[in-house]
Amino acid sequence: MSERSVSKRKQEKRWYTIMAPEIFDRAELGETPAEEPEQVYDRTIETTLGDLQGDQSENNTKLTFQVTDVGSDTAYTEFIQHELTRDYLRSLTRRGTSKVDAFVTVLTTDDYRLQVQPVAYTTKSADRSQEQEIRQIMVDLVEEAAEERTFEGLLDSIVEGRLSSAIYNDAKKIYPLRRVEVQKTRLEARPEEVAAEEEASVDVEDDEE
């Protein structure tokens, strides 16, 4: 292919401005080039909460978005994952203390399925029964939060730290805590995917009968 043809193809590419979801105030995430709008779909973008909010103290929180809709020169995204950086989590670990974590899969009121991973750090070493009680509190409160909230409402509660605070206030009654965080939140299925899974499950049950 000649240099002229390569140059022409580059010139034909259009730049699309990538926007965060509405829950993050449609903040601009950057730009991406593509020859056709279809090529922009499903592209993922990683940023930090600090960059979105203009607050460097929030750079410990990573956010991943995926393009789900494309306009004439704008690409719109959906939340995929929230995760605390390894360096930050490592800084919370202390010798002679306990780290208690949980993996909770929940369904929001508008049928989004997410996996939520809370983690608690004690001031000293807790025994096994205390760790189990703290873990159960984390599971219960995450499940309750999902039962009462939409996808956006639950995500907002996690990112803004309200869910972590609720867990801290309840779990510290079991054993003194130094910190509680939600270390990771991942979107597992959208409403249409959840509905398709349920329909397939019903079909299988009908066949077995």
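Rings of Phe, Tyr and Trp (its six-membered ring) pair if their centres lie within 6.5 Å; planes under 30 degrees apart count as stacked, over 60 as edge-to-face and the rest as tilted. With that in hand, select Phe79, Tyr112 and Phe151, which make up one aromatic cluster.

Before going on, note that this is a predicted model, where local features need pLDDT of at least 70 and side-chain atom pairs count only at pLDDT 80 or more, while totals for chains, interfaces and linings use all residues. Residues are numbered from 1 along each chain as its sequence is written, and side-chain values use heavy atoms, leaving out hydrogens and water.

Next, look for the aromatic pairs, which come to three by this rule. Select Phe24 and Phe65: their pair is edge-to-face, with 5.4 Å centre to centre and 75° between the planes. Phe24 sits in the loop between strand E1 (14–19) and strand E2 (28–34), and Phe65 in strand E4 (residues 61–70), so this pair ties together parts 41 residues apart in sequence. Phe65 is buried (under 20% relative accessible area; exposed is over 50%, partly exposed in between, with a 1.4 Å probe and protein chains only), at 0%.

Return to Phe79 and Phe151, a tilted pair with 6.1 Å centre to centre and 50° between the planes. Phe79 is in strand E5 (residues 74–84) and Phe151 in helix H5 (residues 151–159), so parts 72 residues apart in sequence are tied together.

Last stop: select Thr48 in strand E3 (residues 44–48). Strands (E, at least two residues) and helices (H or I, at least four) are DSSP runs, numbered from the N terminus. Thr48 is buried, at 15% relative accessible area.
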